[in-house]
Every structure is written in structure tokens, then in C-alpha cells.
Amino acid sequence: MAQQTALLETNYYGGAWQGNTASGTVDITNPATGEVHAQIGLSGPADVDAAVAAAVAAFPAWRRTPPQDRIQYLFRFRELLLKRADDIARTTTMENGKTFAEAKAELQRGIENVEVACGIPSLMQGYNLEDVASGIDEIMIRQPLGVAVAITPFNFPSMIPLWFLPYAIATGNTFILKPSERVPLTARLLFELLHETGLPAGVCNLVVGAKPAVDALLHHKDVRAISFVGSTPVAKYIYSEGSNYGKRVQCQGGAKNYVVVMPDADLDMTAKIVSDSAFGCAGQRCLAVSVAVTVGDAGKKFNQAIVDLASSIRTGNGLEKGVQMGPVITADSKSRILHLVEKGVKEGGKVLLDGRKSASGTTGNFIDPTILTGIDSSNPLTSTEIFGPVLTVNESNTLDDAIETLSASAFGNSAAIFTSSGAAARKFRYEVPAGNIGVNIGVAAPMAYFPFSGWRDSFMGVLHGQGKDAIEFYTDKKVVIERWPKEWARKF
Ligand code: NAD
């Protein structure tokens with residue numbers, strides 16, 4: 001039920017909250033209840049200009065702040081994130097729909113990035129060599145770029161901003177977050193906590209908006225680097241537009257993740273893990289399994305086991321106890337997903353588990369776990385990203401055939417194999433064209449000290465988010481060659 005709510009200030013720059021209505025306003029709706037719990041303004045170019053100006057102004061002093069001092073703010077931020085974890089998770093559940101436990105888990109993965117970035121005084125070091133020629137030394141030092149921007153999606157409102165923010169500022173850059181306009185309230189809370197750390201004004205800035213705000217950031221002469229996470233069509237646009245305007249750009253795109261189930265796998269364990277992967281966060285994870293390919297006779301047991309497990313998943317409002325799966329983000333997403341399922345069925349697919357008439361009612365965007373089989377490879381259910389709680393199960397005679405099937409996908413975010421054979425696992429790891437590989441793992445999410453990889457249409461760029469790649473992305477290398485003839489020392 002829509003109700004009148006006050007317009008919330010969601011832009012933060014120059015160390016203060018700022019209003020913005022340049023590109024209109026949007027209601028933030030709880031996907032589980034349909035209730036509007038906030039109304040926000042959308043930024044336009046003038047808001048972006050003001051935020052970039054604040055970030056530019058803060059850069060010289062921040063860059064000169066010793067790394068050891070810069071990370072003290074991150075230590076404080078980590079403590080506040082832990083202290084306010086329940087509030088952050090509740091906010092995420094209310095605007096995104098995932099369960100409270102899922103929201104807390106994603107925050108934990110975000111906090112791990114803050115912890116890794118606290119190692120910047122070691123991680124950011126360059127290297128040197130004396131006597132590259134007689135009396136000549138060579139030094140490589142890393143310097144921050146200037147103003148860095150991250151544009152993030154709706155599905156991980158706390159974690160994904162933290163893939164970028166801690167590394168960007170720890171390396172001495174100033175930073176602007178442009179979160180998804182569908183989930184701005186979690187980002188707002190993160191910035192309230194950053195404000196509490198006493199971080200100097202302009203070091204971290206928040207601009208909430210849609211395409212007009214993104215375009216203003218892409219085209220701004222003072223923005224040096226852009227990180228993007230979201231769907232592939234937008235990733236491609238941002239990669240080409242940002243590069244065209246001379247920015248350093250990294251774009252993580254959409255996904256279509258396959259799991260191969262071998263007959264020698266522990267099929268009960270596999271069904272449990274694959275069910276969690278496919279239906280966790282209502283399938284709205286870029287690492288969610290979307291297609292399971294069973295090899296040989298694995299399907300006989302696996303299919304029944306996963307249907308049994310998935311049919312017992314309780315959907316509902318993620319703030320209620322016992323709820324295991326929330327709604328999808330919007331009513332439009334729900335109807336898009338249902339349309340895809342209906343098309344799959346119309347074109348010969350068989351429904352093993354039908355979640356189209358969710359028991360959770362009609363006020364929220366609920367779809368219960370849905371499992372289909374017999375879907376042709378050309379059907380959009382197998383060729384496009386669904387981003388909902390829908391799993392397709394296909395059969396294959398051999399591991400080679402299964403690898404060939406998944407290699408035909410345009411995406412390359414993640415793929416997993418379930419097997420007890422080391423040789424099968426190695427072959428899979430070696431041959432599969434995807435950036436994050438799981439072996440008996442359903443969601444192969446790299447820890448903060450490893451790069452969050454992704455290949456083909458799932459990633460555009462060279463350096464990934466997280467870990468050492470983040471240090472490379474956020475710094476420029478400078479090489480200094482020095483000649484100090486020893487004769488000069490004799491003068492003293
Ligand atoms: P999205 O592409 O719609 O939006 C992402 C961001 O881009 C938002 O901040 C949005 O405001 C902005 N945006 C949207 N349309 C734009 C346009 N036309 N021009 C400029 N900016 C635009 O993505 P989403 O629906 O918020 O998130 C879901 C997608 O993100 C899925 O495709 C999912 O696979 C992907 N994702 C990928 C990863 C990964 O690591 N590869 C991680 C999480 C999510």
C-alpha cells in the first residue's frame with residue numbers, strides 16, 4: 001500500500017547530506033509487501049558536478065595523508081559496520097527483499113574487503129633495484145589516480161559498494177558511489193557510518209540517480225576511473241563510453257552459470273548445494289546456478305532430490321523467522337521471469353517444480369522455486385540470464401558434451417562441477433571458459449583477497465575487483481631512474 005513519505009536526502013558530498021531532485025523522484029518499495037517506505041530524488045549533471053568538485057578538492061590532502069593514517073578510518077568503519085550490522089541487514093531486506101540472514105551474510109563479505117584494504121601500507125608498496133647500470137637505481141612507486149567512481153547494482157546493496165570503496169580510498173583516491181536507485185537506503189546507511197568515522201569531507205561521496213547521473217559521471221573530465229557491476233548491456237555501454245572519455249574502466253556484467261553433476265558425485269550433498277545456489281537470494285545472484293547439466297545417469301537421483309529440497313523452501317517476507325527465500329526485486333522482474341517460464345513450457349519444456357503460483361500471496365513479488373527440464377538450448381531460458389528462482393535441468397552423455405554445452409554460453413562468470421574424480425575436476429578447471437570455478441562448490445565467490453573474476457560477456461576490462469587487482473586498478477605506476485655518481489659523495 002503506497003503511503004506518503006518524506007523525501008529523503010540521499011546525496012552526500014563535501015561531508016554533508018544534500019538534496020537532489022534534478023531527474024525526478026522514485027518510491028522505494030518493499031518487494032515483499034508492496035509498501036513504499038521512502039521517496040528519494042534522482043540526481044542530474046549539476047549534482048554530479050558538485051560531488052566531483054568535492055572529491056577533487058579533497059584529493060590533494062588525502063593523497064598526502066600517510067597510508068597508515070588513511071586506514072585508521074577504515075578500522076573505525078569496520079567497527080561501525082559490525083556494530084550496526086543488524087540495522088544494515090534490515091534495511092537491505094526491506095529494499096531488496098532478500099532474507100535478513102542473506103543480507104547479514106553479504107555485509108560480512110563486504111566487511112572482509114574493508115579488512116583487506118587495511119593492509120594497504122604493505123599491499124601498495126612498489127619495488128626497486130640498485131645498480132641497473134653502474135651507480136644508477138630504479139624505483140617503481142604507486143600513486144593514486146584521483147577521483148574514482150563505482151556504479152553498482154541492486155542485488156548486493158552493501159557488499160558490492162565495498163568491493164571498491166575501501167581499496168579506492170586506502171590507496172589515496174577520493175571516491176564517488178552511484179548505487180542502484182532501486183536500493184539507495186543501504187548505501188545511505190553505509191555513508192552515515194563513514195561520516196561517523198570522521199573521514200575528511202570529500203573523500204567519500206554518494207550520488208543517487210539513474211542514467212543521467214551515470215552519463216554525467218562517464219563524461220566528467222575529472223573522473224579518472226570507473227568500476228561498474230550490473231547487467232551486460234549496461235556494462236558494455238559503460239565500458240565503451242568510459243574508455244572513449246579516457247577513463248580507466250572495469251565492468252562486471254551479467255551471468256548464466258552452469259553446474260555439471262557427474263554420476264560419481266555425492267548426489268544428496270550436490271542437490272542441497274545446487275538448490276542453495278539456484279534459489280538463494282531468489283536467484284538474484286550473479287553467481288547463482290541457472291542450468292544444471294547431469295552427466296550419464298546422475299539425473300535419475302539428482303532431479304528427484306533437488307525437487308524434494310526446493311519444494312520445501314519457505315518463501316515470504318525476509319524479516320520473518322523461518323523464511324528461506326524472499327521475493328524478486330520488482331513486479332516487472334516477476335512478470336519477465338514468469339513470461340520466460342511460460343515460453344519455455346510452450347516450447348516443449350516440462351515443469352518438475354512449478355513455483356509460478358507462489359503460496360506467499362500477491363502483494364509481494366513472489367515466485368516459488370521453479371525447476372524445468374527438456375528446454376532447448378536456443379530457448380531464452382537457457383540462453384539468457386533469468387535472475388530469478390528458476391533452474392533448468394538438462395542431460396548430457398559425457399563430461400565433454402557437458403563442457404561443450406556450457407562453453408557455448410556468451411557469459412563466463414562462473415561454472416561448477418560436482419564429482420569425486422580429481423581427473424574430471426581438473427579437466428573442468430582446465431577447459432571451462434569462466435572466471436570463477438567451483439569444484440563441489442555451488443557459489444564460487446572469491447574471498448576479498450582474490451580477484452572477483454569473470455570472463456567473456458560477464459566482464460569487460462583487464463583488472464578485476466578485490467585483492468591485488470584492486471590495488472593495480474586504483475594506482476598508477478611511476479618508474480624513477482636515478483643517477484648519483486659516487487664521486488659526488490666525496491665532496492662531503
Ligand atoms: P543494471 O545494469 O540494471 O544496473 C546497474 C547500475 O547501472 C545501476 O546503478 C543503474 O542505475 C545503472 N544503469 C542502469 N541502466 C543504465 C543505463 N541505461 N545507462 C547507464 N546506467 C544504467 O543491473 P541491476 O538490475 O541493478 O543488477 C543485476 C545485474 O547485475 C545482473 O545482470 C547481474 O548478473 C549483474 N551482477 C553482476 C555481478 C558480477 O560480479 N558480474 C555481480 C552482481 C550483479
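Residues are numbered from 1 along each chain as its sequence is written, and side-chain values use heavy atoms, with hydrogens and water left out. Because the model is predicted, local features need pLDDT of at least 70 and side-chain atom pairs count only at pLDDT 80 or more, whereas totals for chains, interfaces and linings use all residues.

The account begins with the helices. Helix H2 (residues 67-83) and helix H8 (residues 184-196) have axes that come within 9 Å and cross at roughly 135°. That makes H2 oblique to H8. Helices (H or I, at least four residues) and strands (E, at least two) are DSSP runs numbered from the N terminus; axes are lines fitted to C-alpha atoms, for helices over the stretch in contact, and angles run from 0 to 180 degrees between N-to-C directions. Angles under 35 degrees count as roughly parallel, over 145 as roughly antiparallel, 65 to 115 as roughly perpendicular, and the rest as oblique. The crossing of H2 with H8 is right-handed, a term that applies if the near helix is turned clockwise from the far one by less than a right angle, the left-handed case being anticlockwise. Phe77, Leu80 and Leu81 of H2 make the contact with Leu190, Leu193, Leu194 and Glu196 of H8, contact meaning heavy atoms within 4.5 Å. By class, this contact has 6 nonpolar, no polar and 1 charged residues. Here Ala, Val, Leu, Ile, Met, Phe, Trp, Tyr, Cys and Pro count as nonpolar, Asp, Glu, Lys and Arg as charged, and the others, Gly among them, as polar.

Helix H3 (residues 85-96) packs on helix H4 (residues 100-117) at an angle of about 120°, their axes being 8 Å apart. That makes H3 oblique to H4, and H3 passes H4 in a right-handed crossing. From H3, the residues Ala85, Asp86, Ile88, Ala89, Arg90, Thr92 and Thr93 meet Phe100, Ala103, Lys104, Glu106 and Leu107 in H4. The contact of H3 with H4 comprises 6 nonpolar, 2 polar and 4 charged residues.

H15 contributes Leu399, Asp400, Ile403 and Leu406 to the contact, and H16 contributes Ala424, Lys427, Phe428 and Glu431. These divide into 5 nonpolar, no polar and 3 charged residues.

Attention now turns to the space within the model. On a 1 Å grid over the protein atoms alone, a cavity is a set of points where a 1.4 Å probe fits but cannot get out, and a pocket is an open set with protein on both sides within 12 Å along at least five of seven lines; lining residues have an atom within 4 Å of a point. Grid points are joined across faces, edges and corners, and a volume is the space filled by probe spheres set on the points.

The largest pocket holds about 790 Å³ of space. Its lining has 36 residues, with Pro153, Arg182, Gly230, Ser231 and Val234 nearest the centre. Helix H9 (211-219), strand S11 (223-229), helix H10 (232-244) and helix H13 (331-346) each supply at least two lining residues, and H10 gives the most, with 5. The lining comprises 17 nonpolar, 12 polar and 7 charged residues.

The whole structure contains 3 cavities of 30 Å³ or more. About 110 Å³ lies in the largest cavity, which is lined by 15 residues, with Gly283, Ala288, Ser290, Ile386 and Phe387 nearest its centre. That lining divides into 8 nonpolar, 4 polar and 3 charged residues. Of its 13 lining residues, Lys256, Leu406, Phe411, Ser414 and Ala434 are the closest to the centre.
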